[in-house]
Amino acid sequence: MMTFIIPICMLLGPVTIASLLVWGERRLLALFQERYGPNRLGILGIGQLPADMLKMFFKQDWIPPFADKFVFVLAPAIVMATALFSFMVVPIAPGFVVWDSDVGLLLFLALSALGAYAVVLAGWSSNNKYSLLGGLRASGQMLAYEVFMGLSVMGVAARAGSFNLTRIVESQSSCWNIVPQLIGFVIFYIAALAETHRTPFDLAEAESELVAGFHSEYSGLKFGMFFVGEYIGVTLMSAMMAVLFFGGWQGPFWSGPWWFILKTILLIMSFVLVRATFPRARYDQLILLGWKYLFPLALLNLLITGVVILW
Amino acid sequence: MNPIDSINTEWVTRESLAGKAAEHEMLYDITAVDETLKTKLKEHEGDFTLVYHFLSLKDGEFSRLKLPIADAQTQVPSLTSEFKNANWYEREVFDMFGLEFEGHPNLCRILMPEYWKGHPLLKTHPARATEMGQYQLSDDKQDWLQSVLQYKPKEEGGDYLYLNLGPQHPGTHGVLRLILKMEGEIIREIIPDIGYHHRGAEKMGERQTWHTYIPYTDRIDYLSGVMNNLAYLLSVEKLAGMEIPARAQTIRVMLCELFRIISHLVWYGTFVQDLGAMSPVFYMFTDRERAFKIIEGITGGRMHPSWFRIGGVAHDLPEGWREAVQEFLDYLPARLDEYDDLVMKNPILKARTQGIGAYNSEEAIEWGVTGPGLRATGFEFDLRKAKPYSGYENFVFDVPTAHRGDCYDRAVVRIEEMRQSLKIIKQCLDNMPSGAYKSDHPLAMPPPKDQTLIHIETLINHFVNTTWGPVMPAGEAFHAIEATKGTNAYYLQSDEGTHSYRTRIRTPSFPHMQMLPLLAVGTTISDLMAILGSMDFVLADLDR
């Protein structure tokens, strides 16, 4: 029985949270920006969510005649698929995980690297100069930030002695990784912002520069998949941070999945706060920051962690 | 010396033009006048007069050169080798009057599309669409029109990406089209294509009465409302030879400074938004709304109140204006400080704007840059100080400057200007003179009612003034003010009519946009947005 329930939960859970986030982010941003946000439809405006979804479903799903049709359709599917696949290895409570893999962490990194294809392919297949520029920016940005993301969690893996995410959570029973792995967390957080194309690293869809960047030509449900895909990405990154750095389901008392969910939601809200606060970095500055500062820092972090463990 | 606007005016010939022009510091404006329908003000037998305005930055003095032109076939010597900013001005004269300039590197239309027939500011060109026959757009014609607008790069080596940015683009704040030649993300060449917002404001001036033209001026720089009225009215009042009562002047100053804050707040928000920050624009529009509350209370309008009148303002200040203004004065400084922390001290913003789009004072003067763009280079020039108008000499305020002339410094100057404007408004509040809010000059006010019922002459005057509008004495007048984006000037010629014979609007955005290729070539498309944002242009101000 559980073999059916868990996968269904892990499939529907993130999608539900992500689509709630479409409304939640707008309300939160409005709160930060001295305005109301969508507050008319239903309680607190929550009715906006089904309304938006219906609108998206019934919009004309137009494929530009000059686009590469197959790739154009494939790109949004990759976004959704890779992000949802990654949830497979996220442990919500002891035993509540789809696949308790010994290479869970590596699988997550591999799948999020695959996600880069979606953006590049979308930009390329649209056959639009703005989309192409967005796709190119995204490829450089994601390639660079994959590296630090991988390196930044190596300290965590070393402390747990495993790539198994359940094991990593259990290794934090005495002290959450956020304390010994603070540098790792900061690098992971920055890389997560870059991976999900959130401000200040939303270069691939920089509105004031590239109109809508890689998804300029997308409309209807395909645009919706990029849109919700971004939120699923944010949810995934927040869930991973909760697992890797904040002790997963463990809490000061009454440990359980509620702690995991609370931490994830707080982290998601921090993404929204960051978006409301910062301006956008420039492409070369972003890459420079990555290779010149974050890369050595991540290596140093790994080195120190190694020394401490072997001491 | 022109007795009406006390501007040194000299007639030149084709041969002496270049030499005379080179004596001046900054080329301020070039325009032309079609002389063919003039009756009272005719100064020579030719068909056209070219009018050059120059600005001396030491004392804020303007000077004028006038060149008579026999007919449209006569070639005019180009000033492009003496002044870089002559390029666009001469193109505009060519576009509007069909006058050709000898030695101009790129003489083509600038505001009107290439396919336009005729030259709009000629007196023979119709002023209204109804005079032009029915417009029909067949499919063939549409295709042809689009093909004319298409940019066709010249065949050349190298692997370049040609990007058509605009006329509809979120980063250009309106219908501005930029054609970029790019190598990767680096801009190698940039061609601004303007005119999409051209509404023929100058042509309308020749049709509207002196009075009914006021609302059109509001819509030139549509972010600074009554500030446009002021530039126009100061010229009209010079023509009429009016004295403005002190109270009217102070009310005008107060509203202008409020609009300076309003305009700068919009700039602040959109500038930061161009750099990708999402929230600040909401805060600044909230503040702007509070300023609009005051504008609404005083004028009844918001963005375009058209509230100044020839000789003063439309009404006296309403009850309760002091409290409203005081409340705003108490409210804004703390918010501005908060924005400094949120925006100006942000390291990402600094990295995006410092050292980007920089120019020095010499370049600024060469290209005709005024306002915050000039002051950011460390050159202290403000018409409110250099050549005070409307009673600005009575106010204590500083002229903020910066020294690097980059995007960041332009922002710093504008933010400090808002604080100075608050200071000026405070002084208006404390020292508002009593008295009339409008001049009692016969061209500004109808004759007193008790006399119209006795004297037939005053009754006639009353009738003529209210049905035709005032008739300005023949002559020419020019006045420049320190507007929000730079200096804004109106040059008016009256042929003793109920409307102007020629209305020339010199706006700051025009020369600033002309400078864009100098600033943006070699930078990336992200920097281009920072430069455009920091330039603070308004499309209506650019194209008129």
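# Exercises on helix packing in a predicted model

In helix H4(A), the residues Leu105(A), Phe108(A), Leu109(A), Ser112(A), Ala113(A), Gly115(A), Ala116(A), Val119(A), Val120(A), Gly123(A) and Trp124(A) are in contact with helix H5(A), where the partners are Ser131(A), Leu132(A), Gly135(A), Ala138(A), Ser139(A), Met142(A), Glu146(A), Met149(A), Gly150(A), Val153(A), Met154(A) and Ala157(A). The model is a predicted one.

## Exercise 1

Sort the residues of the contact of H4(A) with H5(A) by class, then describe how the two helices pack.

Solution.
1. Sorting by class gives 15 nonpolar, 7 polar and 1 charged residues.
2. Two packed helices are described by the angle between their axes and the distance between the axes.
3. H4(A) and H5(A), the latter covering residues 129-160, pack at an angle of about 175° with axes 8 Å apart.
4. Angles over 145 degrees count as roughly antiparallel, so H4(A) is roughly antiparallel to H5(A).

## Exercise 2

Describe the packing of H3(A) with H4(A), and state which residues make the contact.

Solution.
1. H3(A) spans residues 69-86 and H4(A) spans residues 104-125; their axes are 8 Å apart, at an angle of about 160°.
2. H3(A) and H4(A) are therefore roughly antiparallel to each other.
3. The crossing in which H3(A) passes H4(A) is left-handed.
4. From H3(A), the contact is made by Val71(A), Phe72(A), Leu74(A), Ala75(A), Ile78(A), Val79(A), Thr82(A), Phe85(A) and Ser86(A). From H4(A), Phe108(A), Leu111(A), Leu114(A), Gly115(A), Ala118(A), Leu121(A), Ala122(A) and Ser125(A) take part.
5. In this contact of H3(A) with H4(A), 13 residues are nonpolar, 4 are polar and none is charged.

## Exercise 3

Decide whether H6(B) and H7(B) are antiparallel or oblique to each other, and classify their contact residues.

Solution.
1. The axes of H6(B), residues 226-240, and H7(B) cross at roughly 140° and come within 9 Å.
2. Roughly antiparallel requires an angle over 145 degrees, and H6(B) and H7(B) are therefore oblique.
3. Val226(B), Met227(B), Leu230(B), Leu233(B), Leu234(B) and Glu237(B) of H6(B) meet Arg252(B), Leu255(B), Cys256(B), Phe259(B) and Arg260(B) of H7(B).
4. These residues divide into 8 nonpolar, no polar and 3 charged.

## Exercise 4

Is Thr250(B) buried or exposed, and what does Thr250(B) touch?

Solution.
1. Thr250(B) lies in H7(B), which covers residues 246-274.
2. Buried means under 20% relative accessible area; with 10%, Thr250(B) is therefore buried.
3. A polar atom of the Thr250(B) side chain lies 2.8 Å from the backbone oxygen of Ala246(B).
4. Not counting residues up to four places away in sequence, Thr250(B) touches Phe395(B), Cys428(B), Met432(B) and Pro433(B).

Terms used. Residues numbered from 1 in each chain as written. Chains lettered and ligands numbered in written order. Predicted model: local features only at pLDDT ≥ 70, side-chain atom pairs only at ≥ 80, totals over all residues. Heavy atoms only, no water. Axes fitted to C-alpha atoms, helices over the stretch in contact; angles between N-to-C directions. Helix = DSSP H or I, 4+ residues; strand = E, 2+ residues; numbered from the N terminus. Parallel < 35°, antiparallel > 145°, perpendicular 65-115°, else oblique. Left-handed = near helix turned anticlockwise from the far one by under 90°. Contact = heavy atoms within 4.5 Å. Nonpolar A, V, L, I, M, F, W, Y, C, P; charged D, E, K, R; others polar. Buried < 20%, exposed > 50% of the residue type's maximum accessible area, 1.4 Å probe, protein only. Polar contact = N/O pair within 3.5 Å; in protein donor to acceptor, adjacent residues only side chain to side chain.
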